[in-house]
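Here is a short briefing on one protein chain. Look at the sequence and the fold first, then work through the points below.

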Amino acid sequence: MTARGSASRFLTSVLHNGLGRYVQHLQRLSFSLSRDAPSSRGAREFVEREVADFARRNPGVVVYVDARPCSVPRIVAEYVNGAVREESVNCKSAEEIAALVRKLASQSGLDVIRIRKPFHTDSPSVQGQWHPFTNKPTAWGARRPREAREPAPARAPAP
C-alpha cells in the first residue's frame with residue numbers, strides 16, 4: 001500500500017513473456033454446476049456447446065467439469081503464478097459465460113493495480129534519465145567550454 005491508499009507496483013513482464021516462448025497464464029479451469037438447477041442452465045449450455053472448442057483453442061489449459069448438486073454454479077480459474085479466481089455464473093447466459101471465460105484466459109492472474117511509472121529497469125543508468133534540458137546550461141550567464149576558450153569581444157567603456 002502507498003500513501004495514496006491504493007496498491008501499486010512497477011511495470012514488469014509477467015513470467016518474462018516475450019523473452020522466449022509464450023506461456024499462457026491460465027493453467028486450469030473448473031466448472032462446478034448442477035445438472036437440473038435452473039440457475040445452472042447457461043453454464044450447462046456453455047459446457048454442451050462451447051467448452052470443447054475452448055479446449056481445442058487453448059491446449060495448455062486443463063478443463064474440468066464437475067456436475068453435482070450445488071446451490072451456485074461457478075468457474076474457478078487457477079493460474080501459473082498460484083493465483084485462484086472464483087467467478088459466480090449464477091443465472092448467466094452461455095454468451096456471457098463465454099465472454100467471462102475468454103477474459104479469464106487472457107488475464108495473468110495478478111490483481112489489477114496502479115502502475116507507479118510506465119518504465120522500470122533492474123539496472124538503472126548512472127547518468128540518469130534524459131530530458132530536454134539535459135545539455136542546457138544551468139545558469140543564465142553560464143558559458144559552454146567552447147565559449148570559455150574564445151576571447152570575449154571588447155566592450156566600449158561606459159561614459
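Is Ile-75 buried or exposed? Ile-75 is buried, with a relative accessible area of 0%. Here buried means under 20% relative accessible area, exposed means over 50%, and partly exposed lies in between, using a 1.4 Å probe and protein chains only.

This is a predicted model, in which local features need pLDDT of at least 70, side-chain atom pairs count only at pLDDT 80 or more, and totals for chains, interfaces and linings use all residues. Residues are numbered from 1 along each chain as its sequence is written, and side-chain values use heavy atoms, with hydrogens and water left out.

**The whole chain**

- The chain has four helices and six strands. Helices (H or I, at least four residues) and strands (E, at least two) are DSSP runs, numbered from the N terminus.
- Starting at the N terminus, the order of elements is β-β-α-α-β-β-β-α-β-α.
- The chain holds 159 residues, and buried ones make up 25% of them.
- Take the contacts in the chain with a separation of 6 or more: residues 24 or more positions apart account for 69% of them. Contact means heavy atoms within 4.5 Å.

**Ile-75 in strand β4**

- Ile-75 sits in strand β4, residues 74-79.
- Leaving out residues up to four places away in sequence, Ile-75 touches Leu-29, Ser-30 and Phe-31, among others. Its partners also include Ile-97, Leu-100, Val-101 and Leu-104.
- Glu-86 is eleven residues from Ile-75 in sequence, and their C-alpha atoms are 5.8 Å apart.

**Helices α1 and α3**

- Helix α1 (residues 41-49) packs against helix α3 (residues 94-106) at an angle of about 70°, with the axes 8 Å apart. Axes are lines fitted to C-alpha atoms, for helices over the stretch in contact, and angles run from 0 to 180 degrees between N-to-C directions.
- The two helices, α1 and α3, are therefore roughly perpendicular to each other. That label covers angles of 65 to 115 degrees; under 35 is roughly parallel, over 145 roughly antiparallel, and the rest oblique.
- On the α1 side, Gly-42, Ala-43, Glu-45, Phe-46 and Arg-49 make the contact. They meet Ala-94, Glu-95, Ile-97, Ala-98 and Val-101 in α3.
- The residues of this contact of α1 with α3 divide into six nonpolar, one polar and three charged. Ala, Val, Leu, Ile, Met, Phe, Trp, Tyr, Cys and Pro count as nonpolar, Asp, Glu, Lys and Arg as charged, and the others, Gly among them, as polar.
- Buried residues of α1 are Gly-42, Ala-43, Arg-44, Phe-46 and Val-47. Their cover includes β2, α2 (51-57), β3 (62-67) and α3.

**Ala-94 in α3**

- Ala-94 belongs to helix α3 and counts as buried at 1% relative accessibility.
- Ala-94 touches Gly-42, Glu-45, Phe-46 and Glu-50, not counting residues up to four places away in sequence.
- Ala-94 and Val-47 are 47 residues apart in sequence, yet 8.6 Å apart in space, C-alpha to C-alpha.

**Two loop residues**

- Ser-34 lies in the loop between β2 and α1. Ser-34 is buried, at 4% relative accessible area.
- Gln-24 lies in the loop between β1 (8-9) and β2 (26-33). A polar contact of 3.4 Å joins its side chain to that of Asn-58.

Methods. A polar contact is a pair of N or O atoms within 3.5 Å; within protein, one must be able to donate a hydrogen and the other to accept it, and residues adjacent in sequence count only if both atoms are side-chain atoms.
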